[in-house]
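Have the structure open as you read.

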Amino acid sequence: MPTEAKPVFEPRGGESWRDPFSMYRALRDHDPVHHVDPGDDSGDYWVLSRFQDVFEAAIDAGTFSSADGLTFAYGEKEKLGIEAPIVMMDPPDHTALRKLAIKRLTPRQVQATRPMLRAFVVERVERLREAGEGDVVAELLKPLPSLVVSHFLGVPAEDRSLFDRWTEAIVAASAGGSVLGAADAVGEMFAYFNDLIAKRRSEARDDMISALVHGRLNTGEEVSLAKILGLCFTMVTGGNDTVTGLLGGSLELLTSRRDQRQMLLDDPSRLDGAIEEFLRLTAPVQGLARTTTRDVVIEGRTIPQGRKVMLLYASANRDEREFGPDAADCDITRNMRRILSFSYGPHFCIGAAAARLQARVAIEELLSRCPDFSVDARRGRYAPGHFVRRYESLPFRAGGAA
Ligand code: HEM
């Protein structure tokens, strides 16, 4: 009898992002607690691919710590050299900082951005429609999230083009492995935020920086400057390419699945359900790591203490055990209890509502202004980076095949 080759986990990036899904399926079916031993001194790590296992790890921060960073490299904390940003903190310190940050990202505050988002999207979609075609990433999918992040941080409108330029450089460099690849942009953005923090200290506004500057942690302490700067950077690095990924993948699905698009055109009230399905299938953050604080047994295998464990959110989102035999299929009417695109538990994305609203406004306007649009996924280019799957360019045609 032929023996099946054991599945192998290979970190993706660029063109190899086109189809990581057969690898995920093989891992789920044949080696759900997969051990990677690169055989050099970079260190071994583990990979979880089934929904239930990823979900349980995400909610158990006591066993699966974020403190040593979210990649499969070891020693991230030491390399950082500055205070850990919010994503690299564990409860209870993490909880206290997070409480302050989400004060300025409430559902009401997110909904209040709708007219601003719509005005921006309409202008960009109209530009594409008039031109007939273009790169939808450059025109719409990249600048839209940058506008949103700058809004919540409280960057004044007149500084936005500066902020967009830094954002672009920092997001591109962090996809390549380290923000240090954009040292000038990082330095300029740090200096800018330092200045903005000082301004908000003397005069509070309705933005996240003001909430952090004037808020107190549960210990009664002020939030340190390093923590505020860390949060600003996490917003920039976490709130941009993820949304670009969600939107690019959604347009691809709307192009390849005309039946699903037609359902949306016939009944726009299905849009919320469609966005959940697009989030499930695109899962822009394909996976992130934690570090075990003790030996832990999963599916009968023991992961030793102190090892990095990749939580493959994108694989979990396609697990037939959770979503049924048609899990790989796009069905905007699907009934889902939960998805892992924004993780779960203490680090659940604080920008989830803002991301959903951007998707909603962008898809609504594209469908109503260019109901026959298409994107050419074959000519689309994937961005580098092992963790976020997104197009860095995607040819768009306003009416018909791109
Ligand atoms: C489709 C778009 C988005 C996706 C898929 C996404 C995904 C995620 C995921 C998976 C995490 C958890 C990280 C972990 O596992 O440790 C996270 C955290 C976070 N996200 Fe998002 N995100 C999106 C949009 C946004 C936006 C628009 C913002 C800002 C406005 C944002 C800000 C953050 C922040 C600050 C955290 C850290 C939360 C914490 O550590 O407590 N994200 N996001």
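Cys349 sits in the loop that runs between helix H17 (320-323) and helix H18 (352-369). Helices (H or I, at least four residues) and strands (E, at least two) are DSSP runs, numbered from the N terminus.

A word on ground rules: this is a predicted model, so local features need pLDDT of at least 70 and side-chain atom pairs count only at pLDDT 80 or more, while totals for chains, interfaces and linings use all residues. Residues are numbered from 1 along each chain as its sequence is written, and side-chain values use heavy atoms, with hydrogens and water left out.

**Around the ligand**

There are 26 residues around the ligand, and His94, Arg98, Tyr313, His347 and Cys349 come nearest; to be near, a residue needs a heavy atom within 4 Å. By class, the shell has 15 nonpolar, nine polar and two charged residues. For that count, Ala, Val, Leu, Ile, Met, Phe, Trp, Tyr, Cys and Pro are nonpolar, Asp, Glu, Lys and Arg are charged, and the others, Gly among them, are polar.

Which side chains put a polar atom by a ligand oxygen? His94 does, with an N or O atom 2.7 Å away, and so does His347, also with an N or O atom at 2.7 Å. Tyr313 has a polar side-chain atom 2.6 Å from a ligand oxygen.

**Salt bridges**

The whole structure holds 43 salt bridges, each being a side-chain nitrogen of Lys or Arg within 4 Å of a carboxyl oxygen of Asp or Glu. Three of them are:

| Pair | N to O distance |
|---|---|
| Lys6 and Asp31 | 3.1 Å |
| Glu123 and Arg127 | 3.2 Å |
| Glu222 and Arg216 | 3.5 Å |

Lys6 lies in the segment before helix H1 (21-30) and Asp31 in the loop between H1 and strand S1 (33-36), so this pair ties together parts 25 residues apart in sequence. Lys6 is exposed at 58% relative accessibility, whereas Asp31 is buried at 5% (buried means under 20% relative accessible area, exposed over 50%, partly exposed in between, with a 1.4 Å probe and protein chains only).

Glu123 and Arg127 both belong to helix H6 (residues 114-131), four residues apart, or about one turn.

Notes. Polar contact = N/O pair within 3.5 Å; in protein donor to acceptor, adjacent residues only side chain to side chain.
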